[in-house]
Amino acid sequence: MTNIVCLLSYLTQTTIFFIFDAFSSSAKLIKSFKGHTDRVYSIDYSTFDDGQFLCSGSYNNTIRVWNIEDNKQIQLSNENVSSVYCVKFSSYHSYNYHSNVICFSNDNTIDFWDIKDSQQSQVFNGHTDIVFDIKFSPFNGNRYFCSGSGDNTIRLWDIEKSKSLYVFHGHVRDVWCVDISPLQSNSNNKSNLIGAIGGNGYTICSGSCDSTICVWDIETAKLLNVFKGHKFEVKSVKYIPNELGISGGSNAILSASFDKSIRLWDIQSGKQIQVFNGHTDWIMAVEYSPFIVNNNEFNCNSNVICSGSLDNTIRFWDIRSNKKELYVINGYEKDSGIICLKFQQLKKKEKKRKNNEDINLYYGTNGGDICVWG
């Protein structure tokens, strides 16, 4: 426990954070995006053409793109689309070509869709069952991405070559969530070559219906570690991101499960650091937030994590303490559960509030709405 306390103390000393009390005391529902008629599995955020945009994927076989500033839907695609479990703006196309492309799961394929042309640009085949999650690499201009599938495997893909590079075998049930470790401290130019990834220590973590979390070497596809502790399906996994100030931030993994618990794992020791209990139904998503809170026990600041559940609540937790949650947002009855979460700092022209309140929380609901709390 001492190591993680020191690590998180370093984290709060090197990064600008937002005070959680300012958010929790004044935040409210400020807008919602309506159009989906069923569960919103995934949302993502991007800026382009001097605007701010949200994309969303739903169980009702649609992908939507929204203009955040005026709440208008600018794109809708439901042609040859199955239930969309994951949708993301392609950081590869944005970083390398300044083009606006969406990547999404479409049954057992992964499709890339050009927003401007409103047409498919690439399709990745290889999985033999539903693709549940997708993550882009933080290195090499976001050229690579990994995916988790109902075929019990994880795959690493090369966008430029349009092919699968590695298949990761080890889980015995559906892989529901994946993440790639953050950019290493010696690799700030984002230009790592694929042949150097393993030597630099990049890893993939995955969560499965088999209740385990696996950590893999990203270059060799070798299984490095298995974390056991959750009693049911693992729905969400996250490495500590570099935005929170940790150099080589792959030191800990956060996970959420259908066993109604959130757990924090230390990768080096292979042990569970904390467990957070309080939700009364399946937890669908967990995220690190940009907030800090004063922790009297350690006489310093702590980072705040956030979780969404089918109990129709969003809960905030002190990452250093497994005591009762800090704050609860109760969804509306029509929401019927919280499915996905996304924090976003406002652009300058939107900053009409005090600095500590310049964060919005977007969340997708079981009822189909996308809500914004800020």
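## Model and confidence

The model is predicted: local features need pLDDT of at least 70, side-chain atom pairs count only at pLDDT 80 or more, and totals for chains, interfaces and linings use all residues. Residues are numbered from 1 along each chain as its sequence is written, and side-chain values use heavy atoms, without hydrogens or water.

The average pLDDT (the predictor's confidence in each residue, from 0 to 100) is 86 for the chain, and 85% of the residues score at least 70. Residues 1-14 stay under 50, with 29 contacts (heavy atoms within 4.5 Å) beyond four places in sequence. Residues 245-249 are also below 50, and this stretch has 17 contacts beyond near neighbours in sequence. Where pLDDT is low, the predicted coordinates should not be read in detail.

## Nonpolar cores

A nonpolar core is a set of buried Ala, Val, Leu, Ile, Met, Phe, Trp, Tyr and Cys residues joined through side-chain atoms within 4.5 Å. Buried means under 20% relative accessible area, exposed over 50%, and partly exposed in between (1.4 Å probe, protein chains only). The largest core has 20 residues, of which Phe291, Ile314, Phe316, Leu341, Leu361 and Tyr363 touch the most other members. Elements that each supply at least two residues of this core include α2 (20-26), β23 (283-295) and β27 (338-345). Helices (H or I, at least four residues) and strands (E, at least two) are DSSP runs, numbered from the N terminus.

Beyond four places in sequence, the contacts of Leu341 include Ile43, Ala285, Cys306, Ile314 and Leu361. A separate core of 16 residues includes Phe139, Tyr144, Leu156 and Val178.

## Aromatic pairs

Rings of Phe, Tyr and Trp (its six-membered ring) pair if their centres lie within 6.5 Å; planes under 30 degrees apart count as stacked, over 60 as edge-to-face and the rest as tilted. There are 30 aromatic pairs by this rule. Phe48 and Phe89 have ring centres 6.0 Å apart and planes at 65°, so they pair edge-to-face. Phe48 lies in strand β3 (residues 40-48) and Phe89 in strand β7 (residues 87-89), 41 residues apart. Both Phe48 and Phe89 are buried.

Tyr41, Tyr59, Tyr85, Phe132, Trp176, Phe258 and Trp282 form a cluster linked by ring pairs.

## Ser83

Ser83 sits in the loop between β6 (72-77) and β7. Its relative accessibility is 16%, so Ser83 counts as buried. A polar atom of the Ser83 side chain lies 3.2 Å from the backbone oxygen of Tyr59. Not counting residues up to four places away in sequence, Ser83 touches Ser58, Tyr59, Asn61 and Ser105.

Terms used. Polar contact = N/O pair within 3.5 Å; in protein donor to acceptor, adjacent residues only side chain to side chain.
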